[in-house]
Amino acid sequence: SWDDILRLTTADLPETDAVKNLMAGFEAHYAERYFSTVARLLRRHAPNHLYLGCRFVRIPPAEGIVAAAGRHVDVLSVNCYSRVPDPTAFGEWYRMAGERPILIGEHHFPLK
């Protein structure tokens with residue numbers, strides 16, 4: 001029941017590869033639905049605008065989430081909080097997103 005689900009805690013889920021794979025699959029499915037829905041509605045109601053997706057922050061979430069975004073956004077938006085953007089890290093984002101262009105949506109220079 002939904003009441004049972006609401007009472008679940010992380011302690012109720014065994015940390016096995018099977019559970020981790022199920023959770024990753026669910027997250028990827030959820031992300032696919034989210035990004036595809038927004039893309040469809042944006043193209044219907046504002047067809048001459050770019051879909052920049054959400055703004056991801058620093059460390060990529062599960063690869064399935066970034067891949068889902070890459071299938072639907074025009075540009076992948078990623079915030080960068082290092083003095084110089086790391087080409088290796090941004091190369092990984094680029095690869096996971098299916099080689100979508102990347103926009104650094106927020107950047108700052110630390111004082112130290």
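Guide: The model is predicted, so local features need pLDDT of at least 70 and side-chain atom pairs count only at pLDDT 80 or more, while totals for chains, interfaces and linings use all residues. Residues are numbered from 1 along each chain as its sequence is written, and side-chain values use heavy atoms, with hydrogens and water left out.

Visitor: At what angle do the axes of H2 and H3 cross?
Guide: Helices (H or I, at least four residues) and strands (E, at least two) are DSSP runs numbered from the N terminus. Axes are lines fitted to C-alpha atoms, for helices over the stretch in contact, with angles from 0 to 180 degrees between N-to-C directions. The axes of H2 (residues 17-45) and H3 (residues 63-72) come within 8 Å, and they cross at roughly 20°.

Visitor: Are H2 and H3 roughly parallel or roughly antiparallel?
Guide: Angles under 35 degrees count as roughly parallel, over 145 as roughly antiparallel, 65 to 115 as roughly perpendicular and the rest as oblique. The crossing angle here is roughly 20°. H2 and H3 are therefore roughly parallel.

Visitor: How many residues of H3 are buried?
Guide: Buried means under 20% relative accessible area, exposed over 50%, and partly exposed in between (1.4 Å probe, protein chains only). Contact means heavy atoms within 4.5 Å, and the buried residues of H3 pack against H2, E1, E2 and H4. Among them are Ile65, Val66 and His72. H3 is mostly covered, the buried count out of its 10 residues being 7.

Visitor: What is the phi of Arg58?
Guide: Most residues other than glycine have a negative phi. Arg58 lies in the loop between strand E1 (55-57) and H3, and is exposed at a relative accessible area of 53%. Although Arg58 is not a glycine, its phi is positive, at about 50°.

Visitor: Is Glu99 buried or exposed?
Guide: Glu99 has a positive phi of about 65°. This residue sits in the loop between helix H4 (87-96) and strand E3 (102-107). With a relative accessibility of 55%, Glu99 counts as exposed.
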